[in-house]
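Here is a short report on one protein model. Keep the structure in view as you read.

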Amino acid sequence: MAQIRITVDGEDQFNRTLIRLDAAFDDLTPIWPDVRDKFWEIEKQQFDSEGAAGRSGGWKPLSPGYNAQKIARYGPGLKILHATGDMMRALTSNTPDTYYRTTKKDIAIGTTLDRAVYHQRGTGKMPKREPIGFSMAQQREMKDAIQVSLVRELRRGVGYRLPGERGF
């Protein structure tokens, strides 16, 4: 069985044991690029929809005062959480602000931008607008992408053990 968990700010966004895969994977690094790419795709949905694609639903509108400041500083027509575009790009592609680390058993994807956590949690002055918040449909998308990748690796026969083999 393979267990995959995606945690954001200490909260599980995705936690699945893939029981249909009767093998223990010693090294998941071959599937991490697929997981990363699916994460970036889901995040693109999140930013394009201003949160509506994610679990929290559409992000709360900007306050009139901040909206006026944003327009004056960045110009009109920008979506919520798109002022500079840095956070959106960091969570949807590989940029200097992207955090992406892997080991044989773990993957960490996110951003090094401090402001992301304030949006994820909200503050006393700013409502919560989760840049990362998987809907049930997005969790299924991630599960499917992981299963496809794991099955591909099983067919290649590298980095896993079948039941009864040493260490299973």
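## A salt bridge between Lys 128 and Glu 130

Lys 128 and Glu 130 form a salt bridge, with their closest N and O atoms 3.5 Å apart. Keep in mind that this model is predicted.

Lys 128 is partly exposed, at 46% relative accessibility. Glu 130 is buried, because its value of 5% falls under the 20% cut-off.

## A salt bridge inside a helix

Now look at helix H1, which spans residues 32-48. Both Lys 38 and Glu 41 lie in this helix. They are three residues apart, about one turn of the helix. A salt bridge joins them, and the closest N and O atoms are 2.9 Å apart.

Lys 38 counts as buried, at 15%.

## Other salt bridges

Asp 144 and Lys 143 also meet through their side chains, at 3.3 Å from N to O. Asp 144 is partly exposed at 39% relative accessibility. Lys 143 is partly exposed too, at 24%.

Some charged residues join in a network. Salt bridges link Asp 34, Arg 152 and Glu 153 in this way. In total, the model has eleven salt bridges.

## A strand hairpin

Turn to strands E4 (residues 98-102) and E5 (residues 107-111). They pair in the antiparallel sense, over five bridges. Together they form a hairpin, with four residues between the strands. Thr 102 has Ile 107 in E5 as its bridge partner.

Methods
Residues are numbered from 1 along each chain as its sequence is written. This is a predicted model: local features need pLDDT of at least 70, side-chain atom pairs count only at pLDDT 80 or more; totals for chains, interfaces and linings use all residues. Side-chain values use heavy atoms; hydrogens and water are left out. Two strands pair if DSSP finds at least two bridges between them. Helices (H or I, at least four residues) and strands (E, at least two) are DSSP runs, numbered from the N terminus. A salt bridge is a side-chain nitrogen of Lys or Arg within 4 Å of a carboxyl oxygen of Asp or Glu. Buried means under 20% relative accessible area, exposed over 50%, partly exposed in between (1.4 Å probe, protein chains only).
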